[in-house]
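The following exercises ask the reader to work through a protein structure step by step. Each task is followed by its solution.

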Amino acid sequence: MDTERPIIVKAPASKSVSHRMVMGASLARGESIVENVLESQDLYQTMEILIGAGAQIEKLEQGKYKIIGTQPKGGEDMQHALSCDVHESGTTCRLITAILATGTGFFHIHGAPRMHDRPIGTLTQTLEKIGAKFLFEKDGFPPFLLKANGLHGGEVTISLEESSQFLSGLLMAAPFCKELITIYIGGTHVVSWPYVGLTLDAMKKMGAQFDISIKDTAKSTDEVIKWKPIDFRKITEIIPGEIRFRVHPFHNNGTYKSGNYKVEGDWSGASYLLAAGVLGQKPVTVLGLNKNSLQADKALLDILTQMGAQIEFGQEGEIIVYPSELKGITVDMADCPDIVPTVAAIAAFAEGETKIENIAHLRIKECDRLHAMAVELAKVGIETVEYTDYLIIKGNPELQNLENEIQFTSYNDHRIVMSLSLLNLRGIKTAFDNPLAITKSFPEFFDIWKSICVLQ
């Protein structure tokens, strides 16, 4: 065991949980204090829209906000619709659309050019069935106009083949329906289920009432389906047609519960810090992570362990990762797409092939991340095989200390930039056309990264 004193770094706040807590507090009657909010471009876009829709949001100190919620209110007509700029944040776009639909008035939802190529039709079609109205420039994609006058509930079916954010948005809006809403899952498969768990966890903390049931195959017939309740924390797999969500309306025009909330550390942002411990010359200790978190990207620990990494758990959430010799593996990453670029960069230094499966949905992220990682890793001589829904990386443990600085394309994607920065730990000098893409989720990344690299 390497007993050398590790480099100590703190994980950033969770972007996913920050979104959900801030949005929930913005709908809660009364004053809430939300601490450890991630201060990034995506969260700024979310807060700007919520403020425009009537919420009061005041920064008290770094990462700490006072929020007084209200029912969202848009413009009085199409010509005066409230401008809602989501920039490049898919989470903002999908969740805020459903939340604004619980209010009244007209909202114009738009973003950066790449955002206008990311689908939202699955969500908007479902919201239309329960009372919202939409007018698109290109059917099923931003930008679009939302006319809101509250939601009435009932029974709906939604597909999660493209994104679990569709269900997360619908669930967060659901308690504001005028009657019970029952949600079934359609389609052929589900991606990124754990993010729905984060949504349900935030809703529960803020006082929403819901129950989840799975199909009781032993008691069901072709004519009658029987359901049995399940704790959402125990759900590991979703099969379309075999799960039901029932969300109860708030009574007497109630809202989410105001109060004091704290956002946990971010496993997505921490993935680069944890990877530094594996690829660098010194162990790295990451603080501020909840090892019992519902976040999908906690899966990185299992993936690294399968690849041969040595990992220890210290006190109070400390995770220590040691420099390790790695081997290629085959891994299904349908539920944790945000760390695919991280794993791809790590795999570049592993012995043998790493196959990352079930990741077709990476092609509709901030960029086509599957293709981007294949193209960029080729610049340092790493051979890859790219298919519709998987990526094979043929690792080279000897890859290090290239003579020239490598010019990488960022694709304006924060995760591409941070993942390729891992090459620095093997003496490869990197340069990016837009290094500031990291402000989307982890503005302090390069400050922390430089300190890690200097201490190696």
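Two residues are in contact when heavy atoms of theirs lie within 4.5 Å. The model is a predicted one.

**Exercise 1.** Determine which residues Phe245 is in contact with, leaving aside its neighbours within four places in sequence.

*Solution.* Step one: with those neighbours set aside, the contacts of Phe245 include Leu167, Leu171, Ile181, Ile183, Ile185, Trp193, Leu200 and Ile212. Step two: Thr182 and Asp211 are also among them. Step three: Phe245 and Leu200, together with Leu127 and Met333, have the most contacts inside the largest nonpolar core, a set of 152 residues. Helix H7 (residues 267-279) supplies the largest share of this core, 9 residues.

**Exercise 2.** State the strand order of the open sheet of 5 strands and identify the strands at its edges.

*Solution.* Step one: the order is E9-E10-E13-E11-E12, and the pairing is mixed. Step two: strands E9 (154-159) and E12 (227-229) each have a single partner strand, so one side of each lacks a neighbour in the sheet. Step three: on average, neighbouring strands are turned by 30 degrees against each other, direction ignored. Step four: E9 pairs with E10 (residues 181-186) in the parallel sense over 6 bridges.

Methods
Residues are numbered from 1 along each chain as its sequence is written. This is a predicted model: local features need pLDDT of at least 70, side-chain atom pairs count only at pLDDT 80 or more; totals for chains, interfaces and linings use all residues. Side-chain values use heavy atoms; hydrogens and water are left out. A nonpolar core is a set of buried Ala, Val, Leu, Ile, Met, Phe, Trp, Tyr and Cys residues joined through side-chain atoms within 4.5 Å. Buried means under 20% relative accessible area, exposed over 50%, partly exposed in between (1.4 Å probe, protein chains only). Helices (H or I, at least four residues) and strands (E, at least two) are DSSP runs, numbered from the N terminus. Two strands pair if DSSP finds at least two bridges between them. Axes are lines fitted to C-alpha atoms, for helices over the stretch in contact, and angles run from 0 to 180 degrees between N-to-C directions.
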